[in-house]
Amino acid sequence: MQIGFIGLGHMGGPMAINLVKAGHNVKVFDLSAAAIASVVAAGGQAAVSAQNAVQGAEVVISMLPASQHVESLYLGREGQIGLLASMTKGTLVIDSSTIAAATSQKVAQAAQAAGIDFIDAPVSGGVGGAVAGTLTFMVGASATQLERARPVLEKMGANIFHAGDIGAGQTAKICNNMLLGILMIGTSEAMALGVANGLDPKVLAEIMRRSSGGNWALEKYNPYPGVHEAAPASKGYAGGFGTDLMLKDLGLAQENATAVKASTPLGGLARSLYAAHSLGGHGAEDFSSVIKMLQKQG
Ligand code: NAD
């Protein structure tokens with residue numbers, strides 16, 4: 001299958017490589033030449049522009065930072081023509097970026113008018129899941145659109161959930177990430193408290209992992225350096241899921257909570273803590289670096 005892939009960052013790069021490994025012809029584009037080069041080294045084809053990446057593609061996948069990137073890519077900025085105009089009728093577009101459900105719905109509506117299927121399929125599982133091809137996809141689409149997308153999604157993920165209609169994947173994703181953001185702060189507090197009392201971080205992590213406080217951060221992504229060798233905490237908080245991306249997702253959750261009049265006190269507090277952490281100069285570090293706010297420094 002001819003696939004166009006746009007956005008080759010921490011997540012998009014390994015996802016595109018898994019499609020190459022599955023035997024697809026994958027033409028890739030990113031604003032960063034280095035990101036393109038890493039997928040080309042694995043067998044992908046370099047595109048000179050986003051327009052070039054989607055030419056002749058049956059399926060187009062995007063993995064971009066936020067709503068504004070997805071909207072301007074597909075619909076165009078003022079005075080520019082968006083990518084939808086460069087696609088042939090019948091193309092399937094899978095957007096796996098985490099963005100506002102309303103933006104997914106807006107782009108999907110414009111796509112439908114042009115005879116193009118646009119679905120939202122945000123992911124969970126982190127960079128490790130993207131590399132291993134074990135991501136969880138939360139899909140907002142019709143049942144027919146999901147079945148069209150499934151063979152491609154299966155090459156990048158292990159769990160594919162049909163959350164509901166267009167936008168529902170995004171809603172599920174922000175609920176999940178609001179919980180993750182809260183759990184990472186809670187895990188950081190508990191780790192910092194135990195270590196301040198002289199406990200060995202690895203021993204404490206293992207006790208809590210196997211006790212009633214167990215969660216994904218304790219399982220795979222401990223914020224304390226040296227507990228999980230593969231986690232960003234053990235690599236100077238490089239790679240992984242940026243603090244600013246978590247801040248974006250918690251902002252989306254709060255906007256949504258305001259719209260439906262939901263009470264999300266811990267989600268709101270978590271957003272403020274990640275915002276303060278970002279202001280402290282840690283926006284580009286992995287979100288688990290939030291533990292620095294809770295530890296004795298120096
Ligand atoms: P990233 O910042 O590493 O990558 C984004 C890439 O998009 C960059 O390489 C950037 O150059 C490129 N880009 C931006 N605008 C572009 C444009 N107009 N055309 C082409 N390329 C463009 O981000 P990431 O960590 O890969 O995350 C991508 C999305 O996935 C975000 O919405 C994020 O919230 C979500 N997500 C991330 C993780 C994670 O663990 N990193 C997990 C789940 C979901």
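This is a predicted model: local features need pLDDT of at least 70, side-chain atom pairs count only at pLDDT 80 or more; totals for chains, interfaces and linings use all residues.

Visitor: Is Lys173 buried or exposed?

Guide: The UniProt record, an unreviewed entry, puts an "active site" feature at Lys173, and the residue lies in helix H8 (residues 168–196). The cut-off for burial is 20 or more other C-beta atoms within 10 Å. Lys173 has 28 C-beta neighbours inside 10 Å, so it counts as buried.

Visitor: Where does the ligand lie relative to domain 1 (2–165) and domain 2 (171–294)?

Guide: Gly9, His10, Met11, Thr98 and Phe241 come nearest among the 28 residues around the ligand. Domain 1 (2–165) and domain 2 (171–294) both give residues to that shell, so the ligand's place is between them.

Visitor: How many residues of the shell around the ligand are charged?

Guide: Helix H4 (67–75), strand E7 (123–124), helix H6 (126–132) and helix H11 (243–260) each supply at least two residues of the shell. By type, the shell residues divide into 15 nonpolar and 11 polar, and the charged ones number 2.

Visitor: Which helix gives the most to the side of domain 1 that touches domain 2?

Guide: The C-alpha centres of domain 1 and domain 2 are 27 Å apart, and 13 residues of domain 1 are in contact with 14 residues of domain 2. On the domain 1 side, the residues divide into 8 nonpolar, 5 polar and no charged. The most, 3 residues, comes from H6.

Visitor: Back to H4: where on the helix do its buried residues sit?

Guide: The buried ones are Ser67, Val70, Glu71, Leu73 and Tyr74. Looking down the axis of H4, they fall within an arc of 165°, so they line one face of the helix.

Visitor: Which elements do the buried residues of H4 pack against, and which residue follows H4?

Guide: The packing partners are strand E1 (2–6), helix H3 (50–54), strand E4 (59–62), strand E5 (92–95) and helix H5 (101–113). After H4 the chain has a residue whose phi is positive, near 90°, and that residue is Gly76.

Visitor: What are the helix and strand percentages over residues 167–294?

Guide: UniProt, again in an unreviewed entry, lists 167–294 as "domain: 3-hydroxyisobutyrate dehydrogenase-like NAD-binding". The end C-alpha atoms of that stretch are 35 Å apart, and the chain there is 62% helix and 0% strand.

Methods:
Residues are numbered from 1 along each chain as its sequence is written. A residue is near a molecule or strand if its C-beta atom, placed from the backbone, lies within 6 Å of it. Helices (H or I, at least four residues) and strands (E, at least two) are DSSP runs, numbered from the N terminus. Ala, Val, Leu, Ile, Met, Phe, Trp, Tyr, Cys and Pro count as nonpolar, Asp, Glu, Lys and Arg as charged, and the others, Gly among them, as polar. Domain bounds come from an automatic or database domain assignment. A residue is buried if 20 or more other C-beta atoms lie within 10 Å of its own, exposed if 12 or fewer, and partly exposed in between; C-beta atoms are placed from the backbone. The arc is that of the directions from the helix axis to the C-beta atoms. Two residues are in contact if their C-beta atoms, placed from the backbone, lie within 7 Å. UniProt positions are given in the numbering used here, feature names are shortened, and annotations may be inferred rather than shown by experiment.
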